[in-house]
Amino acid sequence: MSFAPPFDLLPPLLVGLGKTLQLTAGGILLCVLLALFAGLGKVSGIPPLRWLANIYVEIFRGTSALVQLFWFFFVLPFFGVSLEPMLAGILVLGLNSGAYGAEVVRGAIQAVSHGQKEAATALGFTPRQTLWRILLPQAVVSMLPPMSNVFIELLKNSALVSVISVHDLTFVAQIHRADSLRTTAIFSIVLVLYFAVAQGLSRGMSFLEKRLSRGRDLGGVKA
Amino acid sequence: MNLSLATGAQWDWAFAWEILPQLLSAMRVTVTATLLGMSLAVFGGLLLVMMRRSHIKTLSRSGYWTIEFIRGTPLLIQLYFFYYVLPEYGLQQSAMVTGVLALGLHYSSYMAEVYRAGIDAVPKGQWEAATALNFPPKRTFFTLILPQAIPPIVPASGNYLVAMFKDSVLLSTITVTEVLYTARDDIGSDRFRYLEPLTLVGVLFLIVSLISVAGIRRLERHLEKKR
Amino acid sequence: MTDSPEPFIQIRDLHKSFGDLKVLQGINLDIPAGEMVSVIGPSGSGKSTLLRVLMTLERPEQGEVLIGGEPLYSMDGEGHTTLPPKAQFRALRNRIGMVFQHFNLFPHMTVLRNVTEAPVRVLGVSRKDAKAEAMKYLDEVGLAEKADAYPAQLSGGQKQRVAIARALAMHPEIMLFDEITSALDPELVGGILALLDRLGKRKEMTMLIVTHHMNFARQSSDRVLFFDGGVILEDGKPDDIFTHPTHDRTREFLKSVLEV
């Protein structure tokens, strides 16, 4: 047990943090795309699209992220597809969170009042125009708070990628734990770093939410 | 990315049948860890939410930050923290106990939010009515508010039970021989075949999740109708 | 009834139910172009449902509707309602406009955008022209100075005026007004009714107005329909219906609403 000041540990940990941020950013990008596609698929009028979206969402929500990661990393090579750890990590993080995000997108679209759809029909908008110009712009703001939670889960799941040897924050912490035996200091710093990123993410998302809802009343009826 | 299309993977049914009993038996460890972890979380969450609702500012504020901190950091790191740090202070337990503690702590923060949402959903008029009837605050909370808060709490807890079940595979990283450890470290690296064990684990989880989620949805509808 | 060669709206034996509840039970109705028709009756009698069926927000199970001689709904061999080909259906629907009880303005668009969006996207009008026209209609409903406001910044009465301007901007030949004053504070109702009266006097559109305001129905409309139990029980000139209704149900209804 040692209580030496942990400043010397910061540089390597910050390098790991950089990797963690890359993983998170890549995962979020993929997550948003998949959430949008699958969420729209779930409310689509075309049955095969709906089935496809449902199968994707159920599979990735029904199994754990770590199992998915192992499957992508250890099983895919059997099929001749070897992914670099970093790529496998981003793929799994995005696919896993995208399934949760799809539910957020679906919920937000369905939460837009029915009257909006009727007004659009009465004005002659096509179903596609109604979705993209009337429903989605209103749904986006109500998507942000639950999406923020999905992103934070993604950030937390990114730690799992260390077990397939991506040199992220968790991986670096494990290495230095074994080297320096300053376990308490290392894991405390790591916890604080993850927490800081999570707080940053959630603050950023609420800022975005405030910006987007400025001047507009998206609740429907004015109080 | 390495694309080598040489190996033609073949699903081996005989192998799959051979390892299934071993996986199912390891699933018992997974289920045990989940149930124990959830029992901890049910109480831990209640403790945290009572801290948060406390009239003592420092207590409610530390409750808030505890919840935020536990929810804002990875379960894996919390697991490592318990596994590697606690023994340094003389708190040595088995990997299984460490795992259950970490699961319980992590999900306490989620359960606290579940309780909070349930309590907030009880109409304000109920508190006011209790005050008008001169109920002491503690009595009000335990005999009037909590029973009304439970219907929405039950299905939400169910969802977190399923989530914890899926997260319990993280215990494999600290050598608990639950189902994923068995699939990857016992079977996979021994036999050099990951396809069947890992796919079977995925399928087992999928089956349990789908059934549980369908059950929770039915329960939810049942509770809604009773209102 | 006016004597015109062919009624603009023809409705034949229209039926609509929600589950076991039969809301429209055989509606037959001819409306000549430019007529202003008030629809009155107890709640749940099917007034709003008729409007919603005409706007194609609900599909009838049975019956026919012709707009200007073209079928919006027609009957197949087995007695079920069928729709015309998509393009024709859409073109026909674009000749009909509707104003709702709860306004249904698009909260994420400014007032001006609310009025111009459909002309631009649906009719293909240029943004510049759409804007000029929108300002004309906003001026007409007395809200030109609110063009850049968002719906949340308007009062209920102002919202409903914008909704009317938005519907007018599509140049509908038929306008459906579904209890458009029901969600408004009493002091705002008069202005909206006066606006309706002005629109009706011009005879540019055929108007169907579901309303609870008996004075308005009597004084402003060309014709009054009394709905009860999913059928039209009474159909005639306002004065005739209000002074000597032919059915006891009409008498009872008028007595109950006029007493209040």
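These legends go with a set of close-up views of a predicted model. Residues count from 1 along each chain as its sequence is written, while chains are lettered from A, and ligands numbered from 1, in the order in which they are written. Because the model is predicted, local features need pLDDT of at least 70 and side-chain atom pairs count only at pLDDT 80 or more, whereas totals for chains, interfaces and linings use all residues; side-chain values use heavy atoms, with hydrogens and water left out.

**View 1. Chain A, helix after helix with one strand.** Chain A has eight helices and one strand; both kinds of element are DSSP runs (helices H or I, at least four residues; strands E, at least two), numbered from the N terminus. Going along the sequence, the pattern reads α-α-α-β-α-α-α-α-α.

**View 2. Where α1(A) meets α4(A).** Two packed helices are described by the angle between their axes and the distance between the axes. Here the axes of α1(A) and α4(A) come within 5 Å and cross at roughly 40°. Axes are lines fitted to C-alpha atoms, for helices over the stretch in contact, and angles run from 0 to 180 degrees between N-to-C directions. α1(A) and α4(A) are therefore oblique to each other (under 35 degrees counts as roughly parallel, over 145 as roughly antiparallel, 65 to 115 as roughly perpendicular, and the rest as oblique). The crossing of α1(A) past α4(A) is right-handed, meaning that the near helix is turned clockwise from the far one by less than a right angle. In the contact of α1(A) with α4(A) there are 16 nonpolar, nine polar and four charged residues.

View 3. A pocket is an open set of points on a 1 Å grid over the protein atoms alone, with protein on both sides within 12 Å along at least five of seven lines; a cavity is a set where a 1.4 Å probe fits but cannot get out, and lining residues have an atom within 4 Å of a point. Points are joined across faces, edges and corners, and a volume is the space filled by probe spheres set on them. Of the 41 lining residues, V43(A), S44(A), G45(A), P127(A) and L131(A) are the closest to the centre of the pocket. At least two residues each come from α1, α2, α4, α5 and α6 of chain A and from α2 (86–93) of chain C, with α1(A) giving the largest share, seven. By class, the lining has 22 nonpolar, ten polar and nine charged residues.

**View 4. The largest cavity, lined by chains A and C.** Its volume is about 50 Å³, and the count of cavities of 30 Å³ or more comes to three. The lining is made up of A119(A), A122(A), L123(A), M98(C), V99(C), F100(C), F103(C), A163(C), R166(C) and A167(C). α5 of chain A, along with β7 and α5 (156–168) of chain C, each give two or more of these residues; the largest share, three, belongs to α5(C). Nine lining residues are nonpolar, none is polar and one is charged.

**View 5. An open sheet in chain C.** Six strands run in the order β7-β8-β9-β3-β10-β11, with mixed pairing; two strands pair if DSSP finds at least two bridges between them. β7 (96–99) and β11 (231–236) stand at the edges with a single partner strand each, so one side of each has no neighbour in the sheet. On average, neighbouring strands are turned by 20° against each other, direction ignored. Inside the sheet, β8 and β9 of chain C run parallel and are joined by five bridges, and F177(C) sits opposite I209(C).

**View 6. β1(C) and its partners.** Eight bridges link β1 (9–18) to β2 (21–31) of chain C in the antiparallel sense, with L14(C) partnered by I27(C). Two residues lie between the strands of this hairpin, where G19(C) takes a positive phi near 60°. β1(C) also pairs with β4 (62–67), again antiparallel, over five bridges, and I11(C) stands opposite V65(C).

Conventions:
Ala, Val, Leu, Ile, Met, Phe, Trp, Tyr, Cys and Pro count as nonpolar, Asp, Glu, Lys and Arg as charged, and the others, Gly among them, as polar.
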